[in-house]
Amino acid sequence: MRTAQNGDPADRLSVVYTVRVVEGGEQGFLDAYERIRESVASVPGHIIDRLGEPIDDSRQWVIASEWETPEHFFAWQQGEDHRQLLAPLRDWVDQTQSLRYRVIQETVGAPS
């Protein structure tokens with residue numbers, strides 16, 4: 001197990017959204033995501049975002065983020081700007097699912 005740069009992994013929160021992009025909407029989704037990504041990167045407590053593209057025909061994309069603490073994420077999520085910031089993504093998505101979990105262990109490669 002590796003201790004994270006921003007504290008113990010058990011303090012962190014990972015958030016995973018699976019979103020199904022509307023048929024033919026991939027470029028619009030990517031453009032909207034790129035505009036949002038820069039804003040979210042400056043939010044206090046935000047560590048990283050990852051965007052995963054489907055390798056099949058499912059149109060299921062994954063947006064994963066990691067936060068220093070759950071409190072950082074929920075403060076951002078409940079803030080006034082959150083809904084307005086994410087509104088452009090909703091034009092390109094017809095289904096979403098969200099998972100939130102604490103990171104309790106992290107394994108990075110084999111020991112050298």
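Pocket lining and helix packing in a predicted model

Biologist: What lines the largest pocket, and which residues lie nearest its centre?

Modeller: In this predicted model, 23 residues line the largest pocket, and Tyr17, Ile63, His82, Leu86 and Leu89 lie nearest its centre. The volume of the largest pocket is about 510 Å³.

Biologist: Which elements each supply at least two residues of that lining?

Modeller: They are strand 1 (13-21), strand 3 (60-67) and strand 4 (93-102), together with helix 1 (26-41), helix 2 (70-77) and helix 3 (80-90). Helix 3 gives the largest share of the lining, 5 residues.

Biologist: What is the make-up of the lining of the largest pocket by class?

Modeller: The lining has 13 nonpolar, 7 polar and 3 charged residues.

Biologist: Why is helix 1 called roughly antiparallel to helix 3?

Modeller: The axes of helix 1 and helix 3 cross at roughly 160° and come within 8 Å. Angles over 145 degrees count as roughly antiparallel, so helix 1 is roughly antiparallel to helix 3.

Biologist: What is the hand of the crossing of helix 1 and helix 3, left-handed or right-handed?

Modeller: The crossing of these two helices is left-handed.

Biologist: Which residues make the contact?

Modeller: Helix 1 contributes Phe29, Ala32, Tyr33, Arg35, Ile36, Ser39 and Val40, and helix 3 contributes Leu85, Leu86, Pro88 and Leu89. By class, this contact has 9 nonpolar, 1 polar and 1 charged residues. Arg counts as charged, so Arg35 is the charged residue of the contact.

Terms used
Residues numbered from 1 in each chain as written. Predicted model: local features only at pLDDT ≥ 70, side-chain atom pairs only at ≥ 80, totals over all residues. Heavy atoms only, no water. 1 Å grid on protein atoms, 1.4 Å probe; cavity = no way out; pocket = protein on both sides within 12 Å on 5 of 7 lines; lining within 4 Å. Points joined across faces, edges and corners; volume = space filled by probe spheres on them. Helix = DSSP H or I, 4+ residues; strand = E, 2+ residues; numbered from the N terminus. Axes fitted to C-alpha atoms, helices over the stretch in contact; angles between N-to-C directions. Parallel < 35°, antiparallel > 145°, perpendicular 65-115°, else oblique. Left-handed = near helix turned anticlockwise from the far one by under 90°. Contact = heavy atoms within 4.5 Å.
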